[in-house]
Amino acid sequence: MEEATRLAIESVEKGWGGPFGAVIVKDGEIIGRGQNRVLLTGIPVYHAEITAIMDASARLNPKALLGSDYGAGTILEMIPRPAGSPDPVPERAKMLSGCEIYINGAPCPMCMSAIYWSRIDHVYFAASLKDTSAIGFDDAFQYEDFAKPWADRRIAVTENFERDTGLKAYAAWMNKTDRHPY
């Protein structure tokens with residue numbers, strides 16, 4: 001938590017973004033660091049948790065960064081779905097299973113979703129959602145909005161727009177004999 005908080009303070013002091021820092025730990029060692037850099041980059045998703053996940057993933061999967069030696073396929077290890085899981089797929093890519101994330105503040109809905117997708121085992125955070133709201137970062141409306149039907153959300157949503165076109169990519173995935181569920 002000390003390192004997550006140090007990263008958060010650095011972000012504030014350098015004017016990079018909000019007071020948020022995160023670290024990902026595996027076997028007692030920090031393998032990923034992230035801090036809010038929204039103001040530095042102008043990228044609204046440049047949150048501490050997202051960048052810590054990207055950093056840890058790049059260290060665990062050297063092919064994670066597109067560009068240099070990236071080739072076809074993946075080296076992501078597969079693991080069986082946990083007992084009692086509602087997941088219909090029998091195994092998926094390991095991602096950050098076996099890791100923990102430490103965050104100096106409660107994660108926003110986007111970051112919490114990324115944590116779920118990453119399969120991180122445990123989330124530790126210091127400041128609560130109430131604490132975070134008190135300094136002007138209030139995400140409660142998003143948590144509430146996600147529970148509503150599409151038609152009742154704050155942002156207009158059109159369901160099934162050109163659905164047949166979009167389903168072509170799904171068919172390509174299902175027809176791929178060597179697909180790698182993640």
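## Order of elements

Read along the sequence, the protein chain runs α-β-β-α-α-β-β-β-α-β-α-α-α. That comes to 7 helices and 6 strands. Helices (H or I, at least four residues) and strands (E, at least two) are DSSP runs, numbered from the N terminus.

This is a predicted model, in which local features need pLDDT of at least 70 and side-chain atom pairs count only at pLDDT 80 or more, while totals for chains, interfaces and linings use all residues. Residues are numbered from 1 along each chain as its sequence is written, and side-chain values use heavy atoms, with hydrogens and water left out.

## The chain as a whole

The C-alpha trace of the protein chain spans about 50 × 45 × 40 Å along its principal axes. The chain has 182 residues, and 29% of them are buried. Buried means under 20% relative accessible area, exposed means over 50%, and partly exposed lies in between (1.4 Å probe, protein chains only).

The protein chain exposes about 12,000 Å². Carbon and sulfur atoms supply 57% of that area. Accessible areas come from the Shrake-Rupley method with a 1.4 Å probe; for residues, only the protein chains shown count as cover.

Now take contacts, meaning heavy atoms within 4.5 Å. Among contacts with a separation of 6 or more, 46% join residues 24 or more positions apart.

## The sheet

An open sheet is formed by 4 strands in the order β2-β1-β5-β6, with mixed pairing. Two strands pair if DSSP finds at least two bridges between them. β2 (29-35) and β6 stand at the edges. Each has a single partner strand, so one side of each is left without a neighbour in the sheet. On average, neighbouring strands are turned by 15° against each other, direction ignored.

Strand β1 (residues 21-26) and β5 run antiparallel, joined by 5 bridges. V25 stands opposite E100 in β5. Helix α3 packs on the sheet and touches β1, β2 and β5. The direction of α3 makes about 140° with that of β2. Such axes are lines fitted to C-alpha atoms, for helices over the stretch in contact, and angles run from 0 to 180 degrees between N-to-C directions.

## Helix α4 and its surroundings

Helix α4 covers residues 109-118. Its buried residues are P109, C111, A114, I115 and S118. They pack against α3 (48-60), β5 (99-105), β6 (122-127) and α6 (140-146).

S97 sits in the loop between β4 (91-93) and β5. It counts as buried because its relative accessibility is 18%. Leaving aside neighbours within four places in sequence, S97 is in contact with K26, I79, S118, R119 and D121.

## Two positive phi angles

Most residues other than glycine have a negative phi. R119 is not a glycine, yet has a positive phi of about 65°. R119 lies in the loop between α4 and β6.

D27 is not a glycine either, and has a positive phi of about 50°. D27 is in the loop between β1 and β2. At 72% relative accessibility, D27 counts as exposed.

## A nonpolar patch

W173, M174 and Y182 make a nonpolar surface patch of about 350 Å². Patches are made of residues with over 30% relative accessible area and no salt bridge: like charges are joined within 9 Å, nonpolar side chains (Val, Leu, Ile, Met, Phe, Trp, Tyr) within 5 Å. A salt bridge is a side-chain nitrogen of Lys or Arg within 4 Å of a carboxyl oxygen of Asp or Glu.

W173 lies in helix α7 (residues 163-175). W173 counts as partly exposed, at 35% relative accessibility.
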